Structure formats: C-alpha cells, structure tokens
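The sequence and the structure are shown first.

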Amino acid sequence: MQLMRTFSAEKYKGTKNYIDTQKKYEIFRTLLYFGISVSLFAAGYIQTGRKTNLLTVVAILGCLPASKSAVSVIMFLRFKSCGDKAAAEIEKHSQGLRSLYDMVFTSYQKNYVVSHIAVRGNTVCGYSERQDFLEKEFHKHIDNILKMDGLKDVTVKIFTDLKKYTDRLEQMKDLEEDKDRSEAVINTLKSVVL
C-alpha cells in the first residue's frame, strides 16, 4: 500500500505524458487489487474447502476498491497524451511560461481534452489536438471554476491550430508576469482535471 501512496497523481498532473503514464499505473493498480481479492478467496477456499468463509467476505469487500480502480482505467484509456511532434514544437515556444500538458477537464455534459496549457498571470492559452473542440462551452465551464476559486478576469483561449498557438505563446512571453496569480490559476486547473 505504501507503493501506491508514493505515486501521487496530483504530483504529476500537468507533466508531459501524464495520461500515458497514469494509464499504466491505473492498470497495474487494478490488476494488483483484483489479484489480492482472488488470492484471498483462493486461500479461504483452500483452507476451509468451502466458499462460505471469512476470507471470502474480505475478498468481496476487496472488490470495491478494485472496481473503483477499474473505472479509472476505463477513463484514462479514453484519452491520449499530447503527440510527440506537437509537444516538440510547443517546447520550442513555451520557454519561460508556466506549462501544463495532458489536461482532461470533465463536466457533466462533455469532456474537454487540452494537450497543452500555458499560463501567464491572467492569461490562459491552450492547444487541443482535437479539431472538434468546443471552445465556447469549455470557456463557460472553466470560467465558472476559476470564479468559484476567486480568480476573476482570467482570459482563456484554446487553439486547435498549432501554428497559431505557438505564435500566441511567443506573444505571451511579453505579458507582465504575476507568479502568485499564475500559480493560483495553475492550482485551480490541476484540481479539476482527470
């Protein structure tokens, strides 16, 4: 269990290839949890020769966290990390900016996959590799979240064109930097992603 605690998803959210790494972790954790339940059931059956024993109850209860972990696997399997080509191009232009990769924002109606986000003070710009990205709905969703955290007047723009996005990243470098504000925005964004 200590191994599980040392890998904190919160620590790695926003890093490059987070989604791909998290997929592997969630699969490993799910297999481990189900393996423990199966081994407990088998041990109880071998020991007593019956299915009805105390270890069977423990094994069944062990299926609860295993099932929860399986749901996480399913969620992460639906998404992929920022492509290598796009990430390499973004890295050339995002030096000096606070950046987050592989952000999956969930809402009741839709999931919004943003491959990269750059933050500088009150300005948040992002790039989505999905051409069908619904920017208006995302803006409304994220604006509400930022306001609930007391972050007003934050400009949010998501691009689906990589060239336009990298041009905007270069422009963002000229903006006034407010490290505390940038950090507050980043913490809010990280708190609401998968």
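## Overall form and nonpolar interior

Of the 194 residues in the protein, 40% are classed as buried. The coordinates come from a predicted model.

Eight helices and four strands make up the secondary structure. Read from the N terminus, their order is α-α-α-α-α-β-β-β-α-β-α-α. The protein is more spread out than a compact globule, because its radius of gyration is 21 Å, well over the 16 Å that the globule rule gives for 194 residues. Along the principal axes, the C-alpha atoms fill a box of roughly 70 × 35 × 30 Å. Of the contacts between residues at least 6 apart in sequence, 69% join residues at least 24 apart.

The accessible surface amounts to about 11,400 Å², and carbon and sulfur atoms account for 57% of that area. The side chains include 30 positive and 23 negative ones, and the centres of these two sets lie 8 Å apart.

The largest nonpolar core holds 21 residues, of which Phe105, Ile117, Phe138 and Leu189 touch the most other members.

Neighbours within four places in sequence aside, Phe138 is in contact with Phe105, Tyr112, Val114, Phe133, Val156 and Ile158. Another core, of 13 residues, lies apart from the largest one; its members include Ile90, Tyr101, Tyr127 and Tyr165.

Technical notes:
Residues numbered from 1 in each chain as written. Predicted model: local features only at pLDDT ≥ 70, side-chain atom pairs only at ≥ 80, totals over all residues. Heavy atoms only, no water. Helix = DSSP H or I, 4+ residues; strand = E, 2+ residues; numbered from the N terminus. Rg over C-alpha atoms; globule rule 2.2 N^0.38 Å. Buried < 20%, exposed > 50% of the residue type's maximum accessible area, 1.4 Å probe, protein only. Contact = heavy atoms within 4.5 Å. Areas by Shrake-Rupley, 256 points an atom, 1.4 Å probe, with all protein chains shown as cover. Lys, Arg positive; Asp, Glu negative; His and termini not counted. Charge placed at Lys NZ, Arg CZ, Asp CG, Glu CD. Core = buried A, V, L, I, M, F, W, Y, C linked by side-chain atoms within 4.5 Å.
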